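Please read the following report beside the sequence and the model.

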Amino acid sequence: MRLFIPMFRKEFIQMRRDRLTLGIMVGVPVIQLMMFGFAIQTDVRHIPTVVFDESRTPTSRDLIAAFENTGNFRIVAHVDGRDALDEWIGKGDAQAGIAIPHDFPRDLARGTTATIQVVVDASDPLSSQAALAAAAGVAQIRNLAILSAAAHRTELPLETRVRPRYNPGLRSPNYIVPGLVGVILTMTLVLVTAMAIVRERERGTLEQLIVTPITKTELMLGKIAPYVGVGLVQMTTVLLLGRFVFDVPLTGNVLLLYTIAFIFIVASLAMGLFVSTLVRTQQQAMQAAFFFVLPNILLSGFMFPRQAMPAVFQWIGAVLPLTHFLKVLRGILLKGVGLPELWREIAILLFMATLLIALSVRRFQKTLD
Amino acid sequence: MNDVAVETRHLTRRYGPIVAVRDLNLSIAKGEVFGLLGPNGSGKTTTIRMLCGLIAPTEGTAIVAGVDVREAPDKIKELIGYMSQRFGLYEDLTVAENMDFYGGIYGLEGPSRRGRISEVVAFLGLDRRLDQLAGTLSGGWKQRLGLACALMHQPSVLFLDEPTAGVDPAARRGFWQTIHRLATEQGTTVIVTTHYMDEAGRCGRVALLSQGHLIALGTPDEVAQQVGGQDLEDAFIILQQRDEQEQQT
């Protein structure tokens, strides 16, 4: 492993000299964090809502106010026909519609079941779910009030007290920012090393390199080593911004987090290196890297819960380093858990890093055949 | 056999049905400047790459600096220097950084690396270019830097694959003087491929390759006389045409 050091030094000088790439690697996390951190809100509120109130009575107006008071609905228009309501939703000017029939106040007064209709644009899963839940909630509260009045009760027979642990405010940034640390590291690091070997091949420097006694392992490790430092700088940047801009807590052991991050970064770089040994040109490397990055975002549990996925996709997710690192990030940052809870993830990441480096070394031929 | 630097025994390389090098038998002495001549596709580059351990022979073998290319292609890399027609160094590193890197991966450390770098710098006159980025050098200087990096570990055999492609005549002359100094002063064996017949004339012996096999071998004068040509260039063309006719019939 003696020849690792000159290789590392060479890569380090080249990395330092390539100011643009270096700037992108440090700038991209900042921009992405600011963008996604502010943009992604999983708790959908103020859904634009259109109302078709056929009855036009104080009772119906009272109900509409109840919908608005949940904070989930924002009334954008009153229309006077069912067709107009559908048109608003069809055009996307509203995502929900409330239709109150003419009979509503009469049925309510009589004590028969009064029906109202809530139409939801389900082409957008998150907001339609939020609208459905909120609509059901409005009805339930109304029902309870009416029933308990009829039964002359002032106390509820049953109450569920929900405690959202680890993120009591149900804040999106607490959920998104730790995930973004992993996603940003994966995106930039896989891409940068995917280019590593093919760049040397394209520039003709690989031919000169392989007539020297440097071994494949020395070459590979020397290539990724400087970027481990870059990865740690990226992570620190995102964590600091997360802490001071988005107020994301840092509950657990920072040293443990960095130790596991180190392993994860090596695994991501090794993944890029592996891509690099599969392709012949930098352009192919770029495309292949994107092909690797997208499943990382969609199947790792960053955006969508893995429990909801079919078993096959849970398995695919399980072979991505990011899936396991996300557990570590959320575990340490939000839950404050430590080694006893995370040793499995550490073992898996270590195994992946080793395997990916071994595969890359095997795939890479130190010949021109 | 201690004075033999390179010996090929029935060296053959096939790419599918195409025979790039066919049954090549050569013996090159230590300190010799040996030229491999031939048109494009004659097998020069394939031969050199096999001798450097970059590609494996399909049949036969070669002994380079006492090591069998089949058995220990990695061991050979410590003993030889190689410079290709394409500038293979890092254009975003300076001259000094390139030399330092190659010194490093040839296993030189600390004072011995610094000592060797200053020797090579003095030998090739690179001292005023040390801090220049390799990418900004002219063709002639790039080639000197390439040579410098290939010489860091004092190889006993030096392979040069069309080293003077894209280099101006004055720089080419200087380069050949350097090659001869290496061979005479340091006993380095130099194996060089070239298109230029005036350069071939500067070799001690030359081998003419055509379509993967050897068609003439000897000093430039001997090769010229073998076919009754006036000079090497005549001989080259005559032999090549004769060979192509034979292959067609």
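## A parallel arrangement in chain A

In this predicted model, strand β1 (residues 47–53) of chain A and strand β3 (residues 96–100) of chain A run parallel and are joined by five bridges. Within that pairing, Phe52(A) has Ala99(A) of β3(A) as its bridge partner. β1(A) also pairs in the parallel sense with strand β2 (residues 73–78) of chain A, again over five bridges, and here Ile47(A) has Phe73(A) in β2(A) as its bridge partner.

Is β1(A) mostly covered or mostly uncovered? Six of the seven residues of β1(A) are buried, and the strand is therefore mostly covered, given that a residue counts as buried when 20 or more other C-beta atoms lie within 10 Å of its own.

## Nonpolar cores

The largest nonpolar core holds 146 residues, and those with the most contacts inside it are Val190(A), Ala267(A), Ala270(A), Phe159(B), Ile191(B) and Leu208(B). Helix α7 (residues 172–203) of chain A, with 18 residues, gives the most to this core. Apart from this core lies another, of 23 residues, which includes Leu63(A), Ala99(A), Val120(A) and Ala135(A). As a general background, nonpolar side chains in soluble globular proteins tend to be buried together.

For Leu208(B), once the neighbours within four places in sequence are left aside, the residues in contact are Leu37(B), Gly38(B), Ile215(B), Ala216(B), Val223(B), Phe236(B) and Leu239(B).

## A loop residue in chain A

Phe246(A) is located in the loop between α9 (216–244) and α10 (254–278) of chain A. With 18 other C-beta atoms within 10 Å, Phe246(A) is classed as partly exposed, because that class lies between the limit for exposed residues, 12 or fewer, and the limit for buried ones, 20 or more.

Leaving aside the neighbours within four places in sequence, Phe246(A) is in contact with Gly37(A), Pro173(A) and Val177(A). Phe246(A) and Ile332(A), which are 86 residues apart in sequence, are 17 Å apart in space, taken from C-alpha to C-alpha.

## Chain B: overall form and sheet

The secondary structure of chain B consists of nine helices and ten strands, and its C-alpha trace spans about 60 × 40 × 35 Å along the principal axes. The radius of gyration of chain B is 18 Å, which agrees with the value near 18 Å that a compact globule of 249 residues would have. Of those 249 residues, 47% count as buried, and among the contacts in chain B between residues at least 6 apart in sequence, 65% join residues at least 24 apart.

Four strands of chain B form an open sheet with antiparallel pairing, in the order β2-β1-β4-β5. Because β2 (18–29) and β5 (67–68) of chain B each have a single partner strand, they stand at the edges, and one side of each is left without a neighbour in the sheet. Strand β4 (residues 59–64) of chain B pairs with β5(B) in the antiparallel sense over two bridges, and Val64(B) stands opposite Val67(B) in β5(B).

## Where the chains meet

How many residues of chain B are in contact with chain A? There are 22 such residues, and they are in contact with 21 residues of chain A. Helix α3 (residues 95–105) of chain B, with four residues, gives the most to the side of chain B that touches chain A. By class, that side has eleven nonpolar, four polar and seven charged residues.

Terms used
Residues are numbered from 1 along each chain as its sequence is written. Chains are lettered from A and ligands numbered from 1 in the order in which they are written. This is a predicted model: local features need pLDDT of at least 70, side-chain atom pairs count only at pLDDT 80 or more; totals for chains, interfaces and linings use all residues. Two residues are in contact if their C-beta atoms, placed from the backbone, lie within 7 Å. Ala, Val, Leu, Ile, Met, Phe, Trp, Tyr, Cys and Pro count as nonpolar, Asp, Glu, Lys and Arg as charged, and the others, Gly among them, as polar. The radius of gyration is taken over C-alpha atoms; the globule rule is 2.2 Å times the number of residues to the power 0.38. Two strands pair if DSSP finds at least two bridges between them. A nonpolar core is a set of buried Ala, Val, Leu, Ile, Met, Phe, Trp, Tyr and Cys residues joined through C-beta atoms within 7 Å.
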